[in-house]
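Here is a walk through one protein model, taken a piece at a time. Keep the structure open while reading.

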Amino acid sequence: MSARDWHDGTRCVHAGLPEPAPGDAFLPGPVFAAPYHLDPWQGPAASPNGYGRPDNPTRRLLEAAIGELEGGECRVFASGQAAITGLLLALLRPGDRVLLPADGYFPVRAFATATLEGIGVSVGFVPTAGPYPSFDGVRLLMLETPANPGLDVADVAALTAEAHAAGTLVVVDNTTATPLGQRPLDLGADLVVASGTKALTGHSDLLLGYVAARSAELLETLTGWRTTTGAVPGAFDAWLAHRSLATLDLRLARQSANAAAVVELLAGRADVTGLRWPGRPEDPAYPVASAQMRRMPGVLCFDLGDAARVARFVEASRLVAAATSFGGLHTTADRRAQWGDDTAPGFVRLSCGVEDTADLVADIGAALDAAGPAGPLS
Ligand SMILES: Cc1ncc(COP(=O)(O)O)c(C=O)c1O
């Protein structure tokens with residue numbers, strides 16, 4: 001069997017590692033360097049490492065790993081937002097029109113309104129589930145699928161075909177799915193962008209972003225952007241991310257199984273409404289998600305009616321931590337309205353961790369019982 005045919009777990013464990021050599025570590029430790037020694041005669045031409053902003057070997061190994069999983073070439077950034085905003089600023093010019101998700105990660109919309117419109121880019125917001133307008137005159141379409149936090153799904157292959165016919169570039173935010181959940185470049189997208197802060201690295205201990213593409217021209221533009229703006233992750237974060245990536249398959253398997261079990265629990269409770277998970281056959285996103293995605297995320301959402309009930313639920317739980325972000329080892333719940341998201345006051349995004357399924361289901365059921373109905377306790 002060639003490396004090309006390896007399954008997800010094998011690919012994650014081996015992604016980006018150097019050829020084995022006796023005496024070497026499996027994953028070389030982080031290289032901490034701002035300048036590197038230069039050849040006195042040839043200068044930077046003699047080595048791939050001249051200065052830390054453009055060049056770092058630890059970062060390059062991580063990029064090789066993510067690139068293998070996404071099926072393209074990768075450039076990592078200091079955070080998901082650094083990757084997304086860098087991509088938009090590097091590719092859009094005054095007079096261009098861009099379409100962004102109306103229901104995606106809200107700082108992207110805030111950035112578009114504050115900064116892109118300010119420099120003369122025309123911005124449109126489209127719900128992930130559609131309907132999509134004509135792409136005539138659109139320079140760039142960005143999809144976020146599944147969308148955070150509402151978990152609607154867009155049909156990447158179908159939309160990309162339509163967009164390409166109009167000459168529109170397609171970017172997919174792959175944060176929630178991860179490259180094991182779907183490979184947008186295989187579905188025709190020009191670029192993948194993502195936060196590696198979430199499930200990709202999954203230990204709630206670092207910020208990371210990346211872009212991946214197959215086009216040398218796009219990569220050159222984005223590499224140039226990153227080098228001149230300096231939005232790079234440090235060597236230690238890059239190394240931690242690479243180390244964490246090795247267990248992505250195992251973590252996602254447990255998170256996804258936990259999400260399925262929690263969804264089953266919540267679906268059976270009359271006191272929980274608005275349940276969404278793209279892996280649930282009754283979910284409106286299921287037909288596209290089940291055709292397009294290779295596995296379902298550990299993230300689901302639902303409504304507990306009001307903020308006080310959410311607080312009582314989280315307080316009563318021993319396993320669900322109140323925290324934002326998602327995709328980590330620990331199960332977390334986030335009431336998105338508290339951050340300014342356009343969601344109902346009792347809307348919760350629940351990110352299932354890697355706890356044992358039976359423990360998590362028992363804990364969530366008991367916490368919901370303890371939280372009682374919506375409305376303040378009399
Ligand atoms: C879908 C999505 N894209 C991008 C980001 C931004 O990532 P970061 O927090 O690493 O900047 C997030 C963060 O939550 C996200 O959920």
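The model is predicted.

Start with strand 7, which spans residues 209-213. It is mostly covered, with 5 of its 5 residues buried. Look at how the side chains are arranged. In a regular strand they alternate between the two faces of the sheet. In strand 7, Gly209, Val211 and Ala213 point one way. Tyr210 and Ala212 point the other way. Residues of both sets are buried.

Now turn to the partners. Strand 1, residues 73-77, pairs with strand 7 in the antiparallel sense over 5 bridges. Within this part of the model, phenylalanine 77 has glycine 209 of strand 7 as its bridge partner. Strand 6, residues 191-195, also pairs with strand 7. That pairing is antiparallel too, again over 5 bridges. Here valine 193 has valine 211 of strand 7 as its bridge partner.

Methionine 142 sits in strand 4, residues 140-144. Is it buried or exposed? Buried means under 20% relative accessible area. Methionine 142 has 2% relative accessibility, so it counts as buried. For a sense of distance, take alanine 337, which lies 195 residues from methionine 142 along the chain. Their C-alpha atoms are separated by 24 Å.

Next come the helices. Helix 8 runs over residues 235-245 and is mostly covered. Of its 11 residues, 8 are buried. These are Ala235, Ala238, Trp239, Leu240, Ala241, His242, Ser244 and Leu245. What do the buried residues of helix 8 pack against? They pack against helix 1 (8-14), helix 2 (57-70) and helix 9 (248-267).

Follow helix 9 to its contact with helix 12, residues 357-371. The two pack at an angle of about 35 degrees, with their axes 10 Å apart. Their crossing is right-handed. Helix 9 contributes Arg254, Ala257, Asn258, Ala261, Val262, Leu265 and Leu266 to the contact. Helix 12 contributes Thr357, Leu360, Val361, Ile364, Gly365 and Leu368. By type, the residues of this contact divide into 9 nonpolar, 3 polar and 1 charged. An α-helix has 3.6 residues a turn, so residues three or four places apart point the same way. Read the two contact lists with that spacing in mind.

Conventions:
Residues are numbered from 1 along each chain as its sequence is written. This is a predicted model: local features need pLDDT of at least 70, side-chain atom pairs count only at pLDDT 80 or more; totals for chains, interfaces and linings use all residues. Side-chain values use heavy atoms; hydrogens and water are left out. Buried means under 20% relative accessible area, exposed over 50%, partly exposed in between (1.4 Å probe, protein chains only). Helices (H or I, at least four residues) and strands (E, at least two) are DSSP runs, numbered from the N terminus. Contact means heavy atoms within 4.5 Å. Axes are lines fitted to C-alpha atoms, for helices over the stretch in contact, and angles run from 0 to 180 degrees between N-to-C directions. A crossing is left-handed if the near helix is turned anticlockwise from the far one by less than a right angle, and right-handed if clockwise. Ala, Val, Leu, Ile, Met, Phe, Trp, Tyr, Cys and Pro count as nonpolar, Asp, Glu, Lys and Arg as charged, and the others, Gly among them, as polar. Two strands pair if DSSP finds at least two bridges between them.
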